[in-house]
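Subject: Structure for your files

Hello,

Here is the structure I said I would pass on. My notes on it follow below.

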Amino acid sequence: MFEASTYIDRRKGLQERVGSGLLLFLGNDPATMNYPDNPFHFRQDSSFLYYFGLDQAGLAGVIDADSGEEILFGHEPTVDEIVWTGPLPTLTEERACVGVGRSEEPEKLGEVLRTARDAGRTIHFLPQYRAWNRIKLARMLGIPGLETDEHVSRSLIEAVVDQRLYKSDEEVAEIEIALDMSYDMHTLAMHMVRPGMVEREVAGAVEGVVLSRGGLTSFPIIFSVRGEVLHNHTYENVMKDGQLAVHDSGATSPMGYASDITRTMPVSGRFDTRQREIYDLVLRALTTATAAMRPGIPFRDVHFVACKVIASGLKDLGILKGDVDEAVAAGAHAICMPHGLGHMMGLDVHDMEGLDEDLVGYGTEFERSTQFGTAYLRAARTLESGFVLTVEPGCYFIPQLIDQWRAQGTNAEFLDFDRLDSYKGFGGVRIEDDVLVTTDGHRILGRRIPKTADEVEEQMGANE
Ligand SMILES: [Mn+2]
């Protein structure tokens, strides 16, 4: 946990931004797996973590934006609980750690909210993504459980986004702790991969790294020789010579900050000519796009820098034809790069997407495109110092997409479908870094994880 002053300052900044009413933050409760006493690993709500710092279940926080009073709601641990858990800090000790002046039993929360509402005051709360918190809100506020989203506070959402978008030095240091785990996760996978292994042997070992370092995965690991399946969460393929394995994974630091890194490796340990061509192209898109990152540049422009590198590389390979700028404007590159260049990252790996994905990524200055490919761009905002984003270009050969575009004649003037057909079965390549926007440019966060084709091959052979 950071110093209490961090949380005090954040809450004060929030209170000033919203101005009046009660600001309610529900922490998470344990999420049960298959019977009530068997929970999933606990994950605190990120906004609660940001303002109240406490990583236990069953808490809620209220900030009175008019009086400045703050209350932490939670149970004092009982001896009956301590028998099972061992010694627990008291609520008074907990709230002192994060500079909150008062604590109350959870049952008191409903009463505090109803009193405020009956006095005509606004109760500000964020969109909820867990059923139990929706039910709690609905009960306390007397609104139907499925309608809580209709009562969320725009001003609170905007104020939270306006604070959480900018990462402080201590937050960046946390992200780099998660990235240190990513280094171990990725280098281990590179050491392990060889023909004949099942994907899950690697994915399981990678998850073990994170658990052994006191973290959690920041999202389910993607590890697959079917790299063209963008969010592939099964690991049942036997890896074969000649295939590429895409490994996209992330960790959370002990304080909950995320990392998100992708590398792609040849199962054999050596890229063949065709694999290296595509790999080098994606790497060039990554380095060219990253080099363009600095305050004042819209991330949407950075995305198109990457798309144009990919498109011109595809042209060199005879896959794409015609004018590169026109092809990208028409969305022809999306046959091979159907996703956006990256997303905001922080306490959530897709930072704050549960609050309002378009507000976080696009703000008020950009509108999301509806064109296939560009529509999946999660961030377009003009870059500012303190933003942390992923940069993750890719190139994939998706048989169903190739067939569909050929059949429909989509972007036929820009694409050689026979050439595309010859790449079916190739899979895909994605390479991803996490990048901080600084006052005068950018910094690629974390220790360098093998990234060039030569570095990946060397890492894969390092234990031979
Ligand atoms: Mn990512």
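The model is predicted. H333 belongs to the loop between α12 (324-330) and α13 (353-362). Setting aside neighbours within four places in sequence, the contacts of H333 are C307, I310, A311, A327 and V328. F414 is 81 residues away from H333 along the chain, and the C-alpha atoms of the two are 9.0 Å apart.

I310 and L23 are the residues with the most contacts inside the largest nonpolar core, which has 125 residues. Helix α11 (residues 299-316) gives the most to this core, namely ten residues. Both domain 1 (4-164) and domain 2 (169-461) supply at least three residues to this core. As background, nonpolar side chains in soluble globular proteins tend to be buried together.

Next, the strands. Which residues of β8 are buried on each side? Strand β8 (residues 261-266) is largely enclosed by the rest of the structure, because six of its six residues are buried. Its pairing with strand β7 (residues 244-249) is antiparallel and runs over six bridges. Within this arrangement, H247 stands opposite R263 of β8.

Finally, the chain as a whole. The chain has 16 helices and 13 strands. Its radius of gyration is 24 Å, close to the 23 Å that the globule rule gives for 464 residues, so the chain is as compact as a globular protein of that length. Along the principal axes, the C-alpha atoms fill a box of roughly 70 × 50 × 40 Å. Of the 464 residues, 44% are buried. Taking contacts between residues at least 6 apart in sequence, 72% join residues at least 24 apart.

Regards

Technical notes
Residues numbered from 1 in each chain as written. Predicted model: local features only at pLDDT ≥ 70, side-chain atom pairs only at ≥ 80, totals over all residues. Core = buried A, V, L, I, M, F, W, Y, C linked by C-beta atoms within 7 Å. Buried ≥ 20, exposed ≤ 12 C-beta atoms within 10 Å, placed from the backbone. Helix = DSSP H or I, 4+ residues; strand = E, 2+ residues; numbered from the N terminus. Domains from an automatic or database assignment. Pairing = 2+ DSSP bridges. Contact = placed C-beta atoms within 7 Å. Rg over C-alpha atoms; globule rule 2.2 N^0.38 Å.
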